[in-house]
Amino acid sequence: MKINFIENSKNRQNDIEIILVNSKKELGTSIELELLESLDFKFKDENVALLVESRKIYSSFEEFTYDSLAIAISGAIKKFKSTKFKSAKLVLNKELENNFKALVEGAILGSYEFDLYKSSKTKSNQEFCFEVNSKNKELETIFKDSMIIANAVNVSRDMINTAPADFTPLTFVKEAEKIAKEFELECQVFGEKYLEKEKMMSMHSVGRASIYESQLIHLKYKPKKAKTKIVLVGKGLTYDSGGLSLKPADFMITMKADKSGGVAVLNTIKAIAELKLPIEVHAVIGAVENMVGGNAYKPDDILRAKNGKTIEVRNTDAEGRLVLADCLCYAQDEIKNIDYIFDFATLTGACVVGLGEYTTGIMGNNAKLKQKALEACENSGEYATKLDFNRYLKKCIKSEIADVCNISNTRYGGAITAGMFLDNFIYEENKEKWVHFDIAGPAFVEKAWGYNPYGASGTGVRFAVELAKTLA
């Protein structure tokens, strides 16, 4: 579907008009109100009605907030797509103009469909436009920027939804190189020989049973006069069987989404480069597949990470933190004068248990930076909350035979103990610069929610871009 932004034109004809409403008062005593009431239309979020004879779609919202308005426009777009009408428009009033970002992103995200594996595909030639009464450069800028961000989210969704046989560590490399070529970024790729040479055996061990070689990817966006330097590190498990600590069959479904952190990082640097933000960004992705085989790493193995710390493996399904450990060390060793380090990972089921399916867990050592991250999440339309470290949970990952254990000795607080495990691989000078985002809940959900469809949501891209903007 084409989505446009136009100045009011009397000559322009549209099949459908979309109208966003949040109270009966807006409709007065019109016939359309009577029709809506006969359809049991309620002035609440997620209520949409098509009045065919009037050629209008009414979509209600409760508040002038990002989420409420994005859901409203998304619902209207979905209703429009279910018809054979060719064009639709939404005329912006002042209040809607003040919330234009939510409307643009909600429309794009709500129009998303994944049909790669459908034998019968329908090409949409429908068009939707936002209409303003007069030229407005500020709204034009918001439209352009929001299009870039939302399209990056939709590309993330495509990547995450792609089957693991079709999206391997080498596919990650190809996508990274494609972005590097398009936006003139530097791109370095390292295979398993490099991991061995650099003693990155924590990451190396996770992928060694796969037929697909593990890949360490480093993309660099270096604009002139950059105001800050940010490192983004992503867990890119293209598939996670659990390794020898094999997952139950029903837990293995959706594990193609274990690459969501790496995909978020990849598309965040793409969006930042396309937006031409004055920020130097480094994207480091550990692209790995965790499989079983005679060469698989095992419970009871002792692994040595790049910083020399030893890790007792007690569960091979706690593999993402092992990949991130070496990626974090690599980033700190190879990138000088870092201002911020943010890692993104579908790291723990415990985070989903604690926060639900829709919320990201934010962890780290710097209270002010975590608060900034939380505000960026909220301002971008994503849900998040802070999970605090504490000294007693730190004892739960103590190993008797190595420096640290890859799982906790208790089933409780698993998201936090995983974050505290990663803290072992953040150098002392960078402790206050680092934030860990556990996106295990919202990254992939097997039911539609809000403006997110079944499957991948593209979590992380919007709030990462928003956070980068606030730090510039």
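**Helix packing around helix 5**

Guide: In this predicted model, D145, I148, I149, A152, V155, S156, M159 and I160 in helix 5 meet S260, V263, L266, N267, K270, A271, E274 and L275 in helix 10. Sorted by class, the residues of this contact between helix 5 and helix 10 comprise ten nonpolar, three polar and three charged. Helix 5 covers residues 137-161 and helix 10 covers residues 260-275, and their axes come within 9 Å of each other while crossing at roughly 155°. Because angles over 145 degrees count as roughly antiparallel, helix 5 and helix 10 are described as roughly antiparallel to each other. The crossing of these two helices, helix 5 and helix 10, is right-handed.

Helix 5 also packs with helix 16, and here the angle is about 140°, with the axes 9 Å apart. The pair formed by helix 5 and helix 16 is therefore classed as oblique. On the helix 5 side the contact involves I149, A152, V153 and S156, which meet V461, R462, V465 and K469 in helix 16. By class, this contact of helix 5 with helix 16 consists of five nonpolar residues, one polar residue and two charged residues. I149, A152 and S156 are listed in the contact with helix 16, and I149, A152 and S156 are also listed in the contact with helix 10.

Helix 16 spans residues 461-471, and A468 is found in it. With a relative accessibility of 3%, A468 counts as buried. Leaving out residues up to four places away in sequence, A468 touches I230, I272 and I279. A468 and V281 are separated by 187 residues in sequence, yet their C-alpha atoms are 9.1 Å apart in space.

I272, one of the residues that A468 touches, has a number that falls within helix 10, residues 260-275. Beyond helix 10 comes the loop between helix 10 and strand 10 (279-290), where K276 is found. The phi of K276 is near 60°, a positive value in a residue other than glycine. Most residues other than glycine have a negative phi. K276 counts as exposed, at 69% relative accessibility. Another positive phi, of about 70°, belongs to E46, which is not a glycine either. E46 is found in the loop between helix 1 (31-38) and strand 3 (48-51), and with a relative accessible area of 60% E46 is exposed.

E105 has its place in helix 4, residues 100-110, and at 1% relative accessibility E105 counts as buried. Apart from its neighbours within four places in sequence, E105 is in contact with Y66, S146, I149, A150, S380 and R462. Two of these residues, I149 in helix 5 and R462 in helix 16, are also listed in the contact between those helices, while Y66 in helix 2 and E105 in helix 4 are both listed where helix 2 meets helix 4.

Helix 2 (residues 66-81) and helix 4 pack at an angle of about 40°, with their axes 7 Å apart. That angle makes helix 2 oblique to helix 4, and helix 2 passes helix 4 in a right-handed crossing. From helix 2, Y66, L69, A70, I73, S74, I77 and K78 take part, and they meet K101, A102, L103, E105, G106, A107 and G110 in helix 4. By class, this contact of helix 2 with helix 4 has eight nonpolar, three polar and three charged residues.

I73 and I77 of helix 2 and A107 of helix 4 belong to that contact, and F128 touches I73, I77 and A107 as well, among other residues including M1, I18, F80 and L90, when residues up to four places away in sequence are not counted. F128 is also one of the residues with the most contacts inside the largest nonpolar core, which has 92 residues, the others named being I18 and F130. A second, separate core of 49 residues includes L328, A345, L387 and Y427. In soluble globular proteins, nonpolar side chains tend to be buried together.

Finally, helix 15 (residues 414-423) is mostly covered, as ten of its ten residues are buried. Among the buried residues of helix 15 are G414, T417, M420, F421 and D423.

Methods
Residues are numbered from 1 along each chain as its sequence is written. This is a predicted model: local features need pLDDT of at least 70, side-chain atom pairs count only at pLDDT 80 or more; totals for chains, interfaces and linings use all residues. Side-chain values use heavy atoms; hydrogens and water are left out. A nonpolar core is a set of buried Ala, Val, Leu, Ile, Met, Phe, Trp, Tyr and Cys residues joined through side-chain atoms within 4.5 Å. Buried means under 20% relative accessible area, exposed over 50%, partly exposed in between (1.4 Å probe, protein chains only). Contact means heavy atoms within 4.5 Å. Helices (H or I, at least four residues) and strands (E, at least two) are DSSP runs, numbered from the N terminus. Axes are lines fitted to C-alpha atoms, for helices over the stretch in contact, and angles run from 0 to 180 degrees between N-to-C directions. Angles under 35 degrees count as roughly parallel, over 145 as roughly antiparallel, 65 to 115 as roughly perpendicular and the rest as oblique. A crossing is left-handed if the near helix is turned anticlockwise from the far one by less than a right angle, and right-handed if clockwise. Ala, Val, Leu, Ile, Met, Phe, Trp, Tyr, Cys and Pro count as nonpolar, Asp, Glu, Lys and Arg as charged, and the others, Gly among them, as polar.
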